[in-house]
Amino acid sequence: FMSRHQLAAVVMGLESKSKISKFIYGTHGVSLSGKIPAPVIIVPDKYKNHRLETVVLAVDNKEKLKKESLKDIEKIVKAAQLHLEFLHVRTPEEVLSSGKSASLKVGRTSVELSVQPAVSIEAGVQKYCKSKETDMVAIISRKHSVFYNLFNESVTKRVAFVSRIPVMALHE
């Protein structure tokens with residue numbers, strides 16, 4: 001269906017659920033992220049703002065971003081004339097410096113990276129998005145092994161279930 005209709009993204013709603021049902025059942029939007037060749041935009045059921053000007057891409061500053069992973073968000077940012085920011089959430093387990101900003105390599109280009117200290121990735125993303133009045137958060141969805149998935153929740157799932165704004169999961 002996607003290739004036949006040349007879709008740029010898939011948009012799905014996210015119903016509020018109890019913590020146990022989130023863990024056991026998850027959501028179709030999160031399940032699709034990383035498995036289809038297009039971004040999946042997960043919209044919380046209580047989201048009513050419907051403004052789209054600023055998107056923040058939450059990244060791990062230890063990794064070099066591949067241009068290939070960013071092609072979908074670049075198309076959407078360009079087409080909708082959005083402002084794109086890069087964010088790294090610094091959690092207590094990290095031993096890196098505690099500056100407010102850093103840089104990250106995107107291909108051969110260095111981009112400014114905002115740093116948000118927080119107890120968890122989802123808390124940091126939520127705090128940053130609220131303080132900067134961000135309209136959507138994007139995350140690069142990575143595939144994990146079945147063993148990993150048995151014992152850990154994906155960052156995409158954790159962020160999607162606490163976010164008050166849409167979350168765009170990009171295919172790695």
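**Glutamine 116.** I started with Glutamine 116 and found it in strand S6, residues 109–117. Strands here are DSSP runs of E with at least two residues, helices are H or I runs of at least four, and both are numbered from the N terminus. I'm looking at a predicted model, so to speak: local features need pLDDT of at least 70, side-chain atom pairs count only at pLDDT 80 or more, and totals for chains, interfaces and linings use all residues. Residues are numbered from 1 along each chain as its sequence is written, and side-chain values use heavy atoms, with hydrogens and water left out.

Is Glutamine 116 buried or exposed? Glutamine 116 has a relative accessible area of 10%, so I noted it as buried (under 20%; exposed is over 50%, partly exposed in between, with a 1.4 Å probe and protein chains only). Not counting residues up to four places away in sequence, Glutamine 116 touches Leu87, His88, Val89, Arg90, Gly124, Lys127 and Tyr128; a contact is heavy atoms within 4.5 Å.

**Whole protein.** I counted seven helices and eight strands. Of the 172 residues, 45% are buried. Among contacts between residues at least 6 apart in sequence, 77% join residues at least 24 apart.

**Cores.** Of its 33 residues, Leu57, Ile73, Val125, Val137, Ala138, Met168 and Leu170 touch the most other members. Strand S6 and helix H5 are among the elements that each supply at least two residues of this core. Which element gives the most to this core? S7 does, with five residues.

I then checked Methionine 168: its contacts, not counting residues up to four places away in sequence, are Pro39, Val40, Ile41, Ile73, Ile76, Met136, Val137, Ala138 and Ile139. Another core of nine residues lies apart from the largest one, with Ile36, Ala38, Val40 and Ile42 among its members.

**Second largest pocket.** Of the 17 lining residues, Cys129, Lys130, Thr134, Arg164 and Ile165 are the closest to the pocket's centre. On a 1 Å grid over the protein atoms alone, a pocket is an open set of points where a 1.4 Å probe fits, with protein on both sides within 12 Å along at least five of seven lines; lining residues have an atom within 4 Å of a point. H5 gives the most to the lining, with five residues.

Terms used. A nonpolar core is a set of buried Ala, Val, Leu, Ile, Met, Phe, Trp, Tyr and Cys residues joined through side-chain atoms within 4.5 Å.
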